[in-house]
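My notes follow in the order I took them.

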Amino acid sequence: MNAVLIALLLLPLLGAALTLAPVFGPDRAVADRRALRLNTVVTGAVLLLAVVLAAGFDHDEPARMQATTDVSWIPALHVRLHLGVDGVSLPLVVLTALLTFLCALYSEKRLPDGETVPSAQAFVGLFLLLEVGMLATFAVLDLLLFFLAFEIVLIPMYFLIARWGSGAKVPSANRFILYTLLGSAVMLLGFLLIGSKAGTFDMQALAAAHGSGLSHTTQVIAALAILVGLAVKAPAWPLHSWLPDAHTAAPTVGSVLLAGVLLKMGTYGLVRVLLPVVPDGAATLAPYLGAFAAVGIVYGSLACLALARPGAKGDLKRLIAYSSVGHMGFVLLGIASLTPVGVNGALFVNIAHGLITGLLFFVVGALKDRYGTADLDTLAGTTGAALYGRAPRLGVLLAFAAVASLGLPGLAGFWGELLAMFGAFDPAAGLSRPAFVTYMVLAGLGTLLTAAYLLIVVKRVCMGDPEQPAPVADLADLRPYEAVSWTPLAALTLLAGLWPALLLGLSDPAVKHLLGGG
């Protein structure tokens, strides 16, 4: 299985390198079609390897690191090429492989527009390099390798936004990379402090030590640096301001991967590094993280409510971006509780948010392609966009994703947020229960506000008079390639909601292992 994990990382890297070779032919149109087909084939093979990895995973021991490779890479710096997956990282590896394949499949029929019609080969090369960085982030077990994988994704995503985006794409891309680079630099300082004091960057060894050998002051300083760096990517309020602009400007597939995977890299780092490696620092900062999480939940929901009201000229992609601030607040609240229940809820929200928000961005991107805008007032007109009457399949998918996002029981959005609030209701020993109960109440208020703005969106976009003059002459319903790309997300959203043990059975033993000094 370690060969499968290595192949999982090498295959998209080789695919990205192949796009630089003159093997696609001199004809531009033919070369673009071949490059896009290569993207689908490579990402499909990666997804197949991820499924093989999941099938070969020992589900009786999800707390044990499996498919491991551990060889010395840079002896002078004590850096090892250490790879592996457990019950925490395996679902994220599979989610990443799935979303990248669906995005590649979608792009083969709907390549994002770009200025001066940039080559599809460039798009595919950047896309596959992005996949390498995302997968490696969840597979590496060395702090410096984690930092490198964390950084690899920045350049491809920057160009996907700046070249294939729309609107104020260059300023948005600049803001994205500036914020995340600064956050990563602070995080690296925390890693270097831990490595210099502990004598190793190996994440398994550091987790097993569970803070022993690191003074309380060292742990707090390192935890603060790591928390700030990862909170930017999460994104946590008030370090989230790069996110709405990036999502609004990004192409559809860029938004899907940004919300579905890149945000999870930050929260995964908190669980994998912060909690087991510097537990005293995590306990010291947990009340502040919980407070920021609770404020972020309410703030994101209020921002969405403001964008959803008539006359606000709210952009639907921007609204979904702000909703991510609220949803990721539940992840941070669960982590801040320092309990197995809360952290399991956080990991469940990670997967559920990737599925649901990926579907939302796909559907809204399709609406933007058809209407030429994602402005809610333009879409809704005077009586509503009436998708149920004009494009019923699109309308049903949008409504399904919306009610899943608001946490309807039976769908994936319900369980993680519920468990995160349970974690806050009874936090770990040493944390202030009145404070965390207050955070839980604010989170509960956030769920009500979330239901309010999403139901407003459904009413304005899906309902209305289909006989009123439409902004576009022909509003096509769900196209075959869209159905193929989106149906797996809808099906998995339903599956995770009806069978939460599928994920919790993997994550729970691994989380207890990490919190107990795994």
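Before anything else I wrote down the cut-offs: a residue is buried under 20% relative accessible area, exposed over 50%, and partly exposed in between. I also noted that this is a predicted model.

I looked up Arg175 and found a relative accessibility of 31%, so Arg175 counts as partly exposed. Its side chain meets that of Asp245 in a salt bridge, at 2.9 Å from N to O. Arg175 sits in helix H7 (residues 169–198) and Asp245 in helix H10 (residues 242–249), so the pair ties together parts that are 70 residues apart in sequence. Asp245 has a relative accessible area of 18%, so I listed Asp245 as buried.

I found the side chains of Lys313 and Asp375 joined in a salt bridge, 3.8 Å from N to O. Lys313 is in the loop between helix H12 (279–308) and helix H13 (316–336), and Asp375 is in the loop between helix H14 (340–371) and helix H15 (376–380); the two are 62 residues apart. Lys313 is exposed at 54% relative accessibility, whereas Asp375 is buried at 10%.

Lys512 forms a salt bridge with Asp508, and their closest N and O atoms are 3.2 Å apart. Both lie in helix H21 (residues 501–515), and because they are 4 residues apart there, about one helical turn separates them. I recorded both as partly exposed: Lys512 has a relative accessible area of 48%, and Asp508 has 25%.

I noted 14 salt bridges in the structure. I also found Asp58, Glu61 and Arg64 linked in a network of salt bridges.

H1 covers residues 2–18, which is 17 residues, and reaches 24 Å from first C-alpha to last, close to the 24 Å expected. Its buried residues are Val4, Leu5, Leu8, Leu9, Pro12, Gly15 and Ala16. What do the buried residues of H1 pack against? I found helices H2, H3 and H4 together with strands E1 and E2.

Val71, Trp73, Ile74, Leu77, Leu81 and Leu148 form a nonpolar patch with about 500 Å² of accessible area together. Strand E1 gives the most to this patch, with 3 residues. I checked Ile74, which lies in E1; its relative accessible area is 31%, so Ile74 is partly exposed.

Methods. Residues numbered from 1 in each chain as written. Predicted model: local features only at pLDDT ≥ 70, side-chain atom pairs only at ≥ 80, totals over all residues. Heavy atoms only, no water. Expected span 1.5 Å × (residues − 1). Buried < 20%, exposed > 50% of the residue type's maximum accessible area, 1.4 Å probe, protein only. Contact = heavy atoms within 4.5 Å. Patch = residues over 30% accessible without salt bridge, like charges linked within 9 Å, V, L, I, M, F, W, Y side chains within 5 Å. Areas by Shrake-Rupley, 256 points an atom, 1.4 Å probe, with all protein chains shown as cover. Salt bridge = Lys/Arg side-chain N within 4 Å of Asp/Glu carboxyl O.
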